[in-house]
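Me: I would like to learn how to read a structure like this one. Can we go through it feature by feature?

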Amino acid sequence: MPSRISTAVTISLVPQAKGGPFVYWDDLNHGIERAAALGFDAIELFAPGPDTVSPSTLRQSLKDTGLKLAAVGTGAGWVVRQLRLTDPDSAIRRQAMDFVRSMIDFGGVNGAPAIIGSMQGRWGGEVSKATAMGWLGEALVDLGEHARQYNVPLIYEPLNRYETNLCQTQGEGVLLLEEFGATNTRLLADLFHMNIEEVNIAAGIRQSGRWLGHVHCVDTTRCAVGVGHMDWPPIVAALREVGYGGYVSAECLPWPNSDAAAEQTIRLYRELFGA
Ligand code: LER
Ligand code: MN
C-alpha cells in the first residue's frame, strides 16, 4: 500500500521573522483553529524559544482539535539570538547546541521533530569550509541522538545559496549525513530552496530517497502551491517513488492573506497528493 502523505500549515510566533514564509502569525490558538477548520492534519510551529508556549497547553489544544504537531523550527535561535552551529566562537556554538536541544525537547514531548535550517550558519573568515562542515556533521549526529528518546528524528534542511554556503542540495545533505553516520537525522526538501539550487527537483527528491523526512511544499514564488510555475507531476511522482509518508508543510508567504494561502494550499494538496 502506498504511504499516506499528511498535510501541515505553518504558524510563526516570532516577530523578528515578519515578512517570512509562514502562513499564520502571532496567535497560536487562531492558527490552530483555522488549521483544524480547513482540514489540515497538523501545524508546524516557529516559536521564539522552548518557553513561549507551554507544552501541556499545546498538547491540550492539539487534542481538542485533533491536530498533530508536524515539526518545530529552530530558526529563532539565529534570528532572535544570533546563535549558529558553525560560529567561530566555541561558546556560541555551545549555546546553539543547547538551544536546539531545548527545542528538540519542546517538540519531542508533543511527538514532533525539530528542524535545523538557518541555525546551521555558514563557513567563511577564520572558519574553513571543512571545519564548518565538521562542526555541522558532528552536531547533526549529537542532536539526532538527543531526539531519539522521543522516537523522532532530527530534521536537517539544505538552504539556497543566499542563506548558507554549507549544504544547498539534497545530494550534499545525503553525503553529509552518510559521512558522519547521522543515523537519526533526516533531510528536509524545501521546494523553494530546491527550485534555486537543484538541476532537477524530482531528481533531488529521488537522491534524498530514504533520508527524506519532511517537505516544505510551496510554489516557485514561495507562495501557496499553484501560485507559481512549479512542474508538479514529476515532483509528486518522485515523492511516491521514494515512498514518502511524511508531511507536506506549507512554509509559504501569507499571500494574498493567511486564510487565502491556507485554503489554496489544502485544496491543491488534496488534488496533488490525495491528502
Ligand atoms: C528558511 O529559508 C527556511 O526555509 C526555513 O525552513 C529554515 O529555517
Ligand atoms: Mn524551509
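This is a predicted model: local features need pLDDT of at least 70, side-chain atom pairs count only at pLDDT 80 or more; totals for chains, interfaces and linings use all residues.

Me: What is the geometry at the site of the manganese ion (ligand 2)?

Reply: The site is octahedral, with angles of 71 to 174° among six donor atoms.

Me: Which protein residues are donors of the manganese ion (ligand 2)?

Reply: The protein donors are Glu 157 (OE), Asp 190 (OD), His 216 (ND1) and Glu 251 (OE). They lie 2.1 to 2.2 Å from the ion. Along the chain, the donors of this ion follow the spacing E-x32-D-x25-H-x34-E.

Me: Where do Asp 190 and Glu 251 lie in the chain?

Reply: Asp 190 is in strand S7 (residues 185-190). Glu 251 is in the loop between strand S9 (247-250) and helix H10 (258-273). The two are 61 residues apart, so the pair links distant parts of the chain.

Me: Are Asp 190 and Glu 251 buried or exposed?

Reply: Both Asp 190 and Glu 251 are buried.

Me: Now the aromatic rings. How many aromatic pairs does the structure hold?

Reply: A pair of aromatic rings is described by the distance of the centres and the angle of the planes. This structure holds three such pairs.

Me: Why is the pair of Phe 22 and Trp 25 edge-to-face?

Reply: Planes over 60 degrees apart count as edge-to-face. The planes of Phe 22 and Trp 25 are at 80°, so this pair qualifies. Their ring centres are 5.7 Å apart.

Me: And why is the pair of Phe 22 and Phe 46 stacked?

Reply: The cut-off for stacked is under 30 degrees. Here the planes are at 15°, so the pair is stacked, with centres 4.5 Å apart. Phe 22 sits in the loop between strand S1 (6-12) and strand S2 (24-25), and Phe 46 in strand S3 (residues 42-46). They are 24 residues apart. Ring pairs link Phe 22, Trp 25 and Phe 46 into a cluster.

Me: How buried are Phe 22 and Phe 46?

Reply: Buried means under 20% relative accessible area. Phe 22 has 6%, so it is buried. Phe 46 has 11%, so it is buried too. Trp 25 is also buried.

Me: What lies over the face of Trp 135?

Reply: Arg 93 does, at 3.5 Å from the ring centre.

Me: Last, the whole fold. How many helices and strands are there?

Reply: The protein has ten helices and nine strands. Its radius of gyration is 17 Å, close to the 19 Å that the globule rule gives for 275 residues, so the protein is as compact as a globular protein of that length. Buried residues make up 57% of the 275.

Notes:
Residues are numbered from 1 along each chain as its sequence is written. Chains are lettered from A and ligands numbered from 1 in the order in which they are written. Side-chain values use heavy atoms; hydrogens and water are left out. Donors are N, O and S atoms within 2.8 Å of the metal (3.2 Å for Na, K and Ca); water is not among the atoms, so sites may look incomplete. Four donors count as tetrahedral if all angles lie between 85 and 135 degrees; four count as square planar and six as octahedral if opposite donors are over 155 degrees apart and all others between 65 and 115; anything else is irregular. Helices (H or I, at least four residues) and strands (E, at least two) are DSSP runs, numbered from the N terminus. Buried means under 20% relative accessible area, exposed over 50%, partly exposed in between (1.4 Å probe, protein chains only). Rings of Phe, Tyr and Trp (its six-membered ring) pair if their centres lie within 6.5 Å; planes under 30 degrees apart count as stacked, over 60 as edge-to-face and the rest as tilted. A charge sits over a ring if NZ of Lys or CZ of Arg is within 6 Å of the ring centre and within 35 degrees of the ring normal. The radius of gyration is taken over C-alpha atoms; the globule rule is 2.2 Å times the number of residues to the power 0.38.
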